[in-house]
Amino acid sequence: MSGPGSSGRTLGSRLFATYAAASLVPIVGISALLIGGARSDALNTGLLQAKAQAAVIQQMAIGPALRDAHLDGTVRDEALTEDAVRRLGESTQLAVFNASVVHLRVRDESGRVLFTDDGSDESPQAADSPDFRAAVAGTPVASLVEDGVDGTVVRVTQPIIVSTAGRASGVLEVELPYEPIQQNLDASLRSTYGRLAGGLLVLYVVLASISWSTTRRLRQHAAEREHEATHDQLTGLPNRALLRERVRRMTDRGAEPHGALALVDLDRFKDVNDTLGHHAGDVLLEVVARRLQGALRPDDTVARIGGDEFALVLPGVTTADEAQALLARVVDELGADIDLDGTPIRIDASIGVALSPQHGASFAELLRHADAAMYRGKRGTSSVVIYEPGAAEAPTGHGLLMRELATALDRDELVLHYQPQVDLVTGRAVGLEALVRWQHPTRGLLAPLEFLPTLEQSHLVDPFTAWVLRRALADRARWAELGRDVSVAVNVSPRNLTTAGLVETVAELLERTGTPADRLTVEVTESAFGTETEQAGTVLRALDDLGVRVSLDDFGTGYTSLRQLRSLPFAEVKIDRAFVAGVASPDPDADRAVVASVVGLAHGLGCVVVAEGVEDAAAGAWLRAAGCDVAQGYHYARPGPWPDVLGLHADADATAAPRPAGTPSTGSTPSPDSTPSTDSTENQVVAP
């Protein structure tokens, strides 16, 4: 089984190999260009040397010998005198004899050969060549020529200047041996090639080093991101996403797709958090993770799927007896006491098991059946319970409710009702909170308390939350089409904050529905900041980065510290109905003091304050006077389907945007014994 970073390493190696091969192309191109330039430069240097040598011969030997000769060709039958020929032979004999000159000829301006070192007579056809005409015009020309007898030579056509006027009187043709030039050329090129090869090699090594360093960092980054996306932050165990992949591998193993999926739920884990604190709970979860890994086989997988719930993938297990024997070791390993801050704790767990393929061939089926078996174990005496289809058909209980909830998602039996949130200054509805209901096929419309507690403990939390978000944003898009651009608030479970999947779901749905991010408020309760405080904070900050407003729900009933309230990106604080209900009671002092304190604290942190559960006009009036920004409750409107709540026939001009975060109401904070206001706006709601 490949490790978490295997794909990152493979990708990095491919990137480096591709870069190394691709970088050779410009290196080779540059090499060819530089080598060609070096060869051309060396050859030009050799030709320049040949012209210089021909110029010396013309000045030192030919010019003096022809000082009194007539080379202008005006007299066609006139030739060099015998004395001139003799002087030419004497002056050139040494150069020819030493082989520094292959051939030497003197021509007049018409091209006629007047003198040659070997006594041969050539026709004046050379007069038609560009080199000859250039020499007559006063420009020496050197070029390589293939001589049938002497091989490759350098032929230089050099103007002969014997008059004081400086005009060419004839042309000297000198053929010089190419071999010395070739030797110098080769030596120069070898030196150039060496320097060029060394420089390009250093360049390639530097580029390769940079490429290797970059791809290595990319591999490390990719491996870290892959690990973060597929592993639990606290324990380092695989998370739900990687668990799904491991189960898929187990169920797709060719002709023998046998195995088991077990769910492990710790008993009384909440008691540890409540009595010893969340740090002790985190330590306990880390110990459980290590013990589960130590009790299983190397090929087995231990995953943490949220809270105190773990999952075990056991490939190769074919029978219930095999599963019982293997998980008995798990129970024994977990059963050993652990010391938490000086307090001995015994870890007990309920384990439900589903076998593949007997109890299901897909991840969803196996997870659902293992979950049903686990909760059957919580009601029984056995720590390990194997799923039994017959027992699962019991007419009542947790297992049945779980199966019905899964079916409800598939059959779209869930519905959303909305409750307006009212600006206490203007009396207008500035947002709607989505509240889920279950239209049960036999029991009718069920309130959240009848199914949410069960849902919170199941694997259905993520798809359930995704359904609520999708439906709420789709409804909000329809409102916007009708000219009612209000915001919508959706509650999410603490378990939704254990992975980054919530952020991805929200981002995708916002884009799909065309909803501005600030028109969605995500509400989280204080219970979200338990054992997953750091992870929950990471998810909330990611939502805030998207532009989504984050609301702290039921404030005052949990364990949120002031440090968390200050450091996390809350745009809104909702005061729990337990305090709101008491502000208009016969003995309101204590509740009014709490609410006034929360309002001042939240405003100081830049948060909007929302009061929940406002049941009468007196409570609403006092809250407005206390500086509370927004309220919701039966006094304003009961939850209902969105066409009813939205008020489709209301004036579109009544739409109002939410108050910016941290902007207090215009009312002053009253003393605990203040008399409630009876302003008429407290008794009406203007539909958005």
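Figure 1. Just after helix α14, Gly-514 takes a positive phi of about 65°; helices here are DSSP runs of H or I with at least four residues, strands are runs of E with at least two, and both are numbered from the N terminus. The model is a predicted one, in which local features need pLDDT of at least 70 and side-chain atom pairs count only at pLDDT 80 or more, whereas totals for chains, interfaces and linings use all residues. Residues are numbered from 1 along each chain as its sequence is written, and side-chain values use heavy atoms, with hydrogens and water left out. Helix α14 covers residues 501-513, and its 13 residues should span 18 Å at 1.5 Å a residue, which agrees with the 18 Å between its end C-alpha atoms; the expected span is 1.5 Å times one less than the number of residues.

Figure 2. The buried residues of α14 are Leu-502, Val-503, Val-506, Leu-509 and Leu-510. Seen down the axis of α14, these buried residues fall within an arc of 135°, so they line one face of the helix; the arc is that of the directions from the helix axis to the C-beta atoms. On the other side of α14, Glu-504, Glu-511 and Arg-512 are exposed. Buried means under 20% relative accessible area, exposed means over 50%, and partly exposed lies in between, with a 1.4 Å probe and protein chains only.

**Figure 3. Helix α8 and the elements packed around its buried residues.** Helix α8, residues 320-335, has 16 residues and reaches 22 Å from its first C-alpha to its last, close to the 22 Å expected at 1.5 Å a residue. Within α8, the residues Ala-323, Leu-326, Leu-327, Val-330, Leu-334 and Gly-335 are buried. These buried residues pack against β6 (259-266), α7 (278-295), β8 (309-315), β11 (349-356) and β12 (384-386), where contact means heavy atoms within 4.5 Å.

Figure 4. The peptide bond from Ser-356 to Pro-357 is cis, with omega near 10°. Pro-357 lies in the loop between β11 and α9, the latter covering residues 363-378.

**Figure 5. Asp-475 in helix α13.** Asp-475 is found in helix α13, which covers residues 461-481, and this residue is buried, with a relative accessible area of 5%. When neighbours within four places in sequence are left aside, Asp-475 is in contact with Tyr-418 and Trp-642. The side chains of Asp-475 and Tyr-418 are joined by a polar contact of 2.7 Å; such a contact is a pair of N or O atoms within 3.5 Å, and within protein one atom must be able to donate a hydrogen and the other to accept it, while residues adjacent in sequence count only if both atoms are side-chain atoms. The C-alpha atoms of Asp-475 and Thr-513, which are 38 residues apart along the chain, are separated by 9.4 Å.

Figure 6. Glu-433 has its place in strand β14, residues 429-440, and is buried, with a relative accessible area of 4%. Its side chain is joined to that of Lys-574 by a polar contact of 3.1 Å, and a polar contact of 2.7 Å joins the side chains of Glu-433 and Gln-632. Beyond its neighbours within four places in sequence, Glu-433 is in contact with several residues, including His-417, Tyr-418, Gln-419, Ala-489, Asn-491, Glu-523 and Glu-612.

Figure 7. Asp-412 is found in the loop between α11 (398-411) and β13 (414-423), and its phi is near 60°, a positive value in a residue other than glycine. At 40% relative accessibility, Asp-412 counts as partly exposed. Arg-428 has its place in the loop between β13 and β14, and at 31% relative accessibility Arg-428 likewise counts as partly exposed. The C-alpha atoms of Arg-428 and Val-630, 202 residues apart along the chain, are separated by 9.7 Å.

**Figure 8. Buried cysteines, Cys-607 and Cys-628.** Cys-607 is buried, with a relative accessible area of 2%, and Cys-628 is buried, with a relative accessible area of 0%. A search of the whole structure finds 0 disulfides, a disulfide being a pair of cysteine sulfur atoms within 2.5 Å.
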